[in-house]
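User: I would like to go through a structure feature by feature. Please give the general idea each time, then the case at hand.

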Amino acid sequence: MPSNDPLLSPFDLKHLRLKNRVVSTSHEPAYAENGMPKDRYLRYHLEKAKGGLALTMMGGAACVSPESPAFVNNIALYRDEVVPYLTKIGDAVHEHGALIMCQVTHAGRRTSNYEGDWLPVVSASGDREPQHRAFPKVAEDWDIDRILTAYADAAERCQAGGMDGIELMAYSHLLDQFFSPALNHRDDEWGGDFEGRLRFPLEVIRAIRARVGDDFVIGLRMGVDDERAGGNAVDEGIEAVRRLSAEGIDFLSVIKGNLDSDNTMAKIIAPMGTPAAVHLDFAGRVKHELDIPVMHAGRIADLATARYAISEGLLDMVGMTRAHMADPYLMQRVHDGEEDRIRPCVGAGYCIDRLYQGGEALCLHNPATGREAQLPHIVPPAAEKKKAVVVGAGPAGLEAARVLGERGHTVTVLEAASTPGGQIAIAAAPERRRDLIGIVDWRVQECARLGVTIRYNTYADAADILAENPDVVIVATGGIPNTEIVDGPANLITDTWQILTREVKPGKSVLVFDDNGDHPGMSAAEVIADAGAEVEVVTPERIIAPLVGGSNYPAYLKNFAEHSVRTTLGTRVTKVARDADRRLTVTLEDEYAHTTVTRTVDQLVVEHGTVPVDDVYFELKDRSRNRGAVDQDALLRLQPQTIVANEDSTFQLFRVGDAVSSRNIHAAILDSNRLCMAI
């Protein structure tokens with residue numbers, strides 16, 4: 001029976017039929033191996049195809065030439081050996097009724113001079129690229145000739161590999177670096193006026209069309225308004241798309257803005273605390289002006305917005321890329337009428353931030369994304385049903401309960417607080433980061449569906465747990481703030497939890513000592529600054545908050561700039577004391593010169609992670625069958641834990657998350673997921 005859901009309506013893109021309107025747009029998860037999209041890359045895209053979307057687009061910034069080196073482990077499209085890997089991925093995706101395309105690009109200056117073969121990177125002009133810090137060579141005539149051929153070669157490899165089409169990258173990459181008047185300062189035939197600046201993109205498309213023929217689909221992802229001072233505005237951008245489509249562009253993926261810096265990137269790949277689908281109306285305006293199909297992806301994470309975009313004619317295809325990282329089975333849920341089961345993208349930005357920091361894209365609360373070879377997205381049932389007790393309803397505890405419930409076990413969660421969430425509830429307390437609570441809400445809802453019992457206001461001791469006659473006990477009791485790194489009376493020190501939950505009101509002048517380097521210290525400083533306090537952030541690091549990634553940094557730095565927050569690097573707080581005026585004297589020591597200074601403030605806030613709340617674990621350890629031991633080889637192979645250290649015991653004992661050590665949300669959820677997947 002045909003559906004009246006606009007998202008489920010098919011769409012014809014040239015000769016291709018998309019079974020619905022939802023696309024995972026081009027992005028680079030950095031899963032390639034030596035430049036090749038091997039098994040990990042395949043499994044990532046295959047899962048989305050199995051999950052029901054219409055089109056998955058791979059190879060974000062797949063490189064056409066070695067002087068456009070991989071800056072986030074990009075695919076090397078300039079090597080013939082890539083073709084069999086593309087074929088294998090294409091065949092696997094097609095088997096599940098989805099289409100697949102590959103993004104093709106020359107990054108120009110948007111890469112590093114110190115990667116790959118260390119060839120000089122090239123651009124239309126010599127302006128430094130802020131984000132990757134490359135000073136490019138100004139492209140000569142022979143560079144341009146060679147690159148035109150490289151584009152055509154790469155497109156031909158994609159066609160030979162069975163791709164359904166390609167997408168050319170034209171925002172902040174070489175095509176855009178030639179077209180944008182803010183970046184192209186040439187006075188030859190490749191620069192100057194509109195015609196000169198558009199010449200290189202036109203020649204690229206002509207070279208590709210000559211090689212792949214008229215039937216192969218070629219798309220364009222373009223910053224139609226690049227939002228640069230002196231750049232191309234929307235009218236000029238639209239006219240450029242018209243000219244490019246006349247030469248063979250079949251669809252447009254609309255972008256507003258550029259990727260030149262962390263700040264501008266965060267406006268396109270927007271994190272939580274920013275408006276959803278902020279550029280959707282702009283994309284609709286562009287579509288109204290053009291005769292080719294238009295897609296757009298820009299923080300469209302909810303189905304209501306996606307449906308609106310299609311039903312109102314703002315888009316032909318809607319990009320839900322990060323939403324599919326959170327739940328690759330999103331469209332299958334829609335088709336099956338199970339939308340309430342969709343794991344939500346909360347906009348944490350961990351995927352893009354981890355890409356630059358850790359060299360791989362990971363979803364903050366879906367540990368299987370990028371680990372498809374190790375962890376299943378769909379939890380399989382257990383052969384033997386057990387009775388499990390989980391102590392704690394934070395992210396680690398709720399994930400353990402969810403997975404155990406999916407496995408078919410009988411699960412009881414004992415939570416000391418009156419509400420679930422643990423540290424996520426604290427992190428989500430500030431308005432800008434409230435969407436984090438979606439991580440908790442989804443798991444609580446799934447636990448209810450699975451028949452998991454959660455008992456709140458239950459501060460469980462060993463006797464309470466053993467009274468449940470468990471086969472398995474998971475201790476997920478988390479941690480408490482560690483402020484003992486500063487010498488001085490404990491009552492003179494405020495921790496970040498007290499600030500974030502508003503338990504303690506910020507003083508008039510506050511020193512925040514961040515010896516963690518992640519969100520808690522920065523978030524607390526933001527809350528304090530918003531309260532009107534005079535704030536100084538002190539850290540022993542060489543930069544503030546090195547664990548906070550590029551998509552999240554701008555919001556903090558904007559807040560700090562607006563409130564004149566002072567930052568002091570390479571410095572440690574060693575001591576605090578009360579002075580005669582009832583204010584605090586804080587001693588600071590330089591990490592390098594070992595000199596000391598003092599500050600007089602009203603409040604000292606310390607962030608140094610957490611120490612485990614592990615009393616109940618150690619109460620139970622010697623009574624448990626495994627004495628708390630974990631077979632790490634079995635854990636990583638997703639095999640059952642079989643250690644027997646106490647044959648008289650009837651239950652296994654494990655601890656997860658911050659009950660082990662102070663780590664982030666992803667680590668806590670991963671702990672529980674891979675442990676419980678084999679129980």
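Analyst: Start with the element names: helices (H or I, at least four residues) and strands (E, at least two) are DSSP runs, numbered from the N terminus. This is a predicted model, in which local features need pLDDT of at least 70, side-chain atom pairs count only at pLDDT 80 or more, and totals for chains, interfaces and linings use all residues. Residues are numbered from 1 along each chain as its sequence is written, and side-chain values use heavy atoms, with hydrogens and water left out.

User: Where is Glu227, and what is its phi?

Analyst: Most residues other than glycine have a negative phi. Glu227 is not a glycine, yet its phi is positive, about 55°. Glu227 sits in the loop between strand S9 (217–225) and helix H6 (234–246). With a relative accessible area of 40%, Glu227 is partly exposed (buried means under 20%, exposed over 50%, partly exposed in between, with a 1.4 Å probe and protein chains only).

User: Where is Leu638 placed?

Analyst: Leu638 lies in the loop between helix H21 (632–636) and strand S27 (652–655). Leu638 has a positive phi near 60° and is partly exposed, at 22% relative accessible area.

User: Which residues of helix H19 are buried, and what covers them?

Analyst: In H19 (residues 553–562), the buried residues are Tyr553, Pro554, Tyr556, Asn559 and Phe560. Their cover includes helices H7 (262–268) and H18 (519–530) and strands S20 (534–538) and S21 (566–568), where contact means heavy atoms within 4.5 Å. Just after H19, Ser564 has a positive phi of about 55°.

User: Is Asn74 buried or exposed?

Analyst: Asn74 is buried, at 2% relative accessibility, in the loop between strand S4 (55–63) and helix H2 (82–94). Leaving out residues up to four places away in sequence, Asn74 touches Glu28, Gly35, Gly60, Ala61 and Cys63.

User: Which backbone atoms does the side chain of Asn74 reach?

Analyst: A polar contact is a pair of N or O atoms within 3.5 Å; within protein, one must be able to donate a hydrogen and the other to accept it, and residues adjacent in sequence count only if both atoms are side-chain atoms. The Asn74 side chain reaches the backbone oxygen of Ala61 at 3.2 Å. A polar atom of that side chain also lies 3.0 Å from the backbone nitrogen of Val72.
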